[in-house]
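Here's a quick tour of a protein model, written for someone who likes to know the cut-offs. Have a look at the structure before reading on.

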Amino acid sequence: MKRKLKNLAIVLSFLALGSCSNEEDFTDNKNAQELNRISQKDEKSILKEKFAFSLMKSLNESQLLRDLIKNEALKMFNKDYEILVYTIKDFRLENGMTLEETINKNSENNFQLSNLLQIEPTLTLLVPELPLESFSAKKWNTQSEIPAVAIRTNYTNEVPLITPELKLEMMPSDVIPGFPVIVVKNNERVISNLENPNIRSLKTKTVFEKD
């Protein structure tokens, strides 16, 4: 009987060790995935994420900024509810500062919007039309609704999302958010000449037309 109990104790010990090992393997694998995700960020992705955090903080502070994004999106300059950041960066907010100055002030790690626009001159804000008319540029109540900021990026299959509480969350790419959100992206329909010192303009190229 004592021998059987001893053998049982040995088996249980091995099971416990195996369980701990599995948990450690899972944790190590999860940490490795996170480190791999971070290591795959290029300069554009890093700067976009910093911009998104600062934009989210600015949206919290300024209804005038929310009004600006809504009104500019409704113009549908390229047949979608999009705004080129370059075209609104000099707009002045309630604090007397321009949008660019406010973004720089609210950022961390000495982020400068001009550095991002140099490598991503067609940086764009999209106000999406969500299902069941739950949120859109037309439906956006800028007094009461502060949207989260999502980032369209290439380094992960998930969508980085900055919440109004300034927390970074990863949202599956196939999930449609059930809350107000705007998207930071580059613009596929605009050709930039900003890198040419002799031509300081943005030109619109229509890829397709609705209807």
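## Ground rules

This is a predicted model, so to speak with its own entry rules: local features need pLDDT of at least 70, side-chain atom pairs count only at pLDDT 80 or more, and totals for chains, interfaces and linings use all residues. Residues are numbered from 1 along each chain as its sequence is written, and side-chain values use heavy atoms, with hydrogens and water left out.

## Overall layout

The protein has six helices and eight strands (DSSP runs numbered from the N terminus: H or I, at least four residues, for helices; E, at least two, for strands). Starting at the N terminus, the order is α-α-α-β-α-α-α-β-β-β-β-β-β-β.

Of the 211 residues, 40% are buried (under 20% relative accessible area; exposed is over 50%, partly exposed in between; 1.4 Å probe, protein chains only). The protein exposes about 12900 Å², with 51% supplied by carbon and sulfur atoms (Shrake-Rupley method, 1.4 Å probe; for residues, only the protein chains shown count as cover). Take the contacts (heavy atoms within 4.5 Å) between residues at least 6 apart in sequence: 64% of them join residues at least 24 apart.

## Helix α2

Helix α2 covers residues 43–61, and its 19 residues should span 27 Å at 1.5 Å a residue; the end C-alpha atoms are 27 Å apart, which agrees. The expected span is 1.5 Å times one less than the number of residues. Buried residues in α2 include Leu 47, Phe 51, Leu 55 and Met 56.

## Asn 115

Asn 115 sits in helix α6, residues 113–119. With a relative accessible area of 37%, Asn 115 is partly exposed. Its C-alpha is 8.3 Å from that of Leu 47, though Asn 115 and Leu 47 are 68 residues apart in sequence.
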